[in-house]
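Biologist: I would like to learn how to read a few features from a model. Could you walk me through them?

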Amino acid sequence: MNTRRLSRSLMLLTSLLAGCATQVAPWERGQLARPEMALEPYPPEASFRQHVFFSKESVSGGYGVGGGGCGCN
């Protein structure tokens with residue numbers, strides 16, 4: 001029973017990771033370098049939002065790190 005479950009898990013994991021093995025051709029890299037493909041497509045607006053955020057919360061940087069806004073970090 002455990003062997004069957006393990007083999008199914010391995011097959012599922014293999015099928016999920018199979019799509020990650022594709023390579024980007026050199027002529028396709030230009031498409032990925034376009035500004036629309038950036039994580040933040042509007043850098044000035046993102047900078048303004050970040051400034052407003054750390055002005056309100058008294059924290060700067062560290063996206064994804066929890067901060068209580070008390071200024072103690």
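Modeller: Happy to; we will go through a helix, a surface patch and the salt bridges of this predicted model.

Biologist: Let's start with H1. How many residues does H1 have, and how far does H1 reach?

Modeller: H1 has 16 residues and reaches 22 Å from its first C-alpha to its last, close to the expected 22 Å.

Biologist: And how many residues of H1 are buried?

Modeller: Buried means under 20% relative accessible area. By that cut-off the count in H1 is zero, and the helix is hardly covered.

Biologist: Which residues make the nonpolar surface patch?

Modeller: Leu6, Leu10, Leu12, Leu13, Leu16 and Leu17 make a patch of about 610 Å². Take Leu12, which sits in helix H1, residues 2-17. With a relative accessible area of 51%, Leu12 is exposed, because exposed means over 50%.

Biologist: Now the charged side chains. How many salt bridges are there?

Modeller: The count is two salt bridges. In one, the side chains of Arg49 and Glu45 meet at 2.3 Å, N to O.

Biologist: Where do Arg49 and Glu45 lie relative to each other?

Modeller: The general idea is that an α-helix has 3.6 residues a turn, so residues three or four places apart point the same way. Here, Arg49 and Glu45 are four residues apart in helix H3 (residues 43-57), so about one helical turn separates them. Glu45 is partly exposed, at 38% relative accessibility.

Biologist: What about Glu36 and Arg34?

Modeller: Their side chains meet in a salt bridge at 3.2 Å, N to O. Glu36 is exposed at 53%, while Arg34 counts as partly exposed at 40%.

Note on methods:
Residues numbered from 1 in each chain as written. Predicted model: local features only at pLDDT ≥ 70, side-chain atom pairs only at ≥ 80, totals over all residues. Heavy atoms only, no water. Patch = residues over 30% accessible without salt bridge, like charges linked within 9 Å, V, L, I, M, F, W, Y side chains within 5 Å. Areas by Shrake-Rupley, 256 points an atom, 1.4 Å probe, with all protein chains shown as cover. Salt bridge = Lys/Arg side-chain N within 4 Å of Asp/Glu carboxyl O. Helix = DSSP H or I, 4+ residues; strand = E, 2+ residues; numbered from the N terminus. Buried < 20%, exposed > 50% of the residue type's maximum accessible area, 1.4 Å probe, protein only. Expected span 1.5 Å × (residues − 1).
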